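Trainee: I have a structure open and would like to learn how to read it. Where should I begin?

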Amino acid sequence: MGRWIADARRFYACGDMDEERIAQLEKLGMIWSHYDVAWEESLAAARGWAKENGHLLAPTNVRDCKSFGVTPDHGGCIDDQ
């Protein structure tokens with residue numbers, strides 16, 4: 001499944017996918033760029049941090065990613081262990 005979705009994303013990005021297939025995938029909730037989703041999630045976490053702390057000088061040795069609204073599965077968490 002993962003390979004098929006990666007292929008679909010590649011065809012879409014190259015403009016090689018017809019509109020009907022695009023519509024079918026979008027009806028299922030297709031996320032065309034997981035990098036864009038990760039960016040938006042991390043940006044939301046940064047906004048939350050800045051709102052709570054008045055700045056965006058977050059520590060670089062985060063151990064509890066969830067407390068910052070970031071999950072380590074998309075590289076948003078740094079752990080200096």
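Mentor: We will go from the overall fold to single features, one at a time. Keep in mind that this is a predicted model.

Trainee: How many helices and strands does the protein chain have?

Mentor: The protein chain has 3 helices and 0 strands. Read from the N terminus on, the order of elements is α-α-α.

Trainee: What share of the residues in the protein chain is buried?

Mentor: A residue is called buried when its relative accessible area is under 20%. In the protein chain, which has 81 residues, 16% are buried.

Trainee: Next, charges. What can side chains of opposite charge do?

Mentor: Side chains of opposite charge can pair when their charged atoms come close. This structure holds 1 salt bridge. Its partners are Asp7 and Arg10, whose closest N and O atoms are 2.3 Å apart.

Trainee: Which residues gather in a patch of negative charge on the surface?

Mentor: That patch is formed by Asp18, Glu19, Glu20 and Glu26. Take Asp18 as the example. Asp18 sits in the loop that links helix 1 (2-14) to helix 2 (19-27). Its relative accessibility is 41%, so Asp18 counts as partly exposed.

Trainee: Now the rings. How many aromatic pairs are there?

Mentor: Two rings count as a pair if their centres lie within 6.5 Å, and planes under 30 degrees apart count as stacked. The count here is 1 aromatic pair. The ring centres of Tyr12 and Trp32 are 3.8 Å apart and the planes meet at 10 degrees, so this pair is stacked.

Trainee: Which parts does the pair tie together?

Mentor: Tyr12 belongs to helix 1, while Trp32 is in the loop between helix 2 and helix 3 (34-53); the pair therefore ties together parts that are 20 residues apart in sequence.

Trainee: Is Trp32 buried or exposed?

Mentor: Trp32 counts as buried, because its relative accessibility is 18%. For Tyr12 the relative accessible area is 33%, which means that Tyr12 is partly exposed.

Trainee: Where do Ala46 and Leu56 sit?

Mentor: Ala46 lies in helix 3, and Leu56 is in the segment after helix 3. Ala46 has a relative accessibility of 22% and so counts as partly exposed. Leu56 is exposed, because its relative accessible area is 58%.

Key: Residues numbered from 1 in each chain as written. Predicted model: local features only at pLDDT ≥ 70, side-chain atom pairs only at ≥ 80, totals over all residues. Heavy atoms only, no water. Patch = residues over 30% accessible without salt bridge, like charges linked within 9 Å, V, L, I, M, F, W, Y side chains within 5 Å. Areas by Shrake-Rupley, 256 points an atom, 1.4 Å probe, with all protein chains shown as cover. Salt bridge = Lys/Arg side-chain N within 4 Å of Asp/Glu carboxyl O. Lys, Arg positive; Asp, Glu negative; His and termini not counted. Charge placed at Lys NZ, Arg CZ, Asp CG, Glu CD. Helix = DSSP H or I, 4+ residues; strand = E, 2+ residues; numbered from the N terminus. Buried < 20%, exposed > 50% of the residue type's maximum accessible area, 1.4 Å probe, protein only. Phe/Tyr/Trp six-rings, centres within 6.5 Å; stacked < 30°, edge-to-face > 60°.
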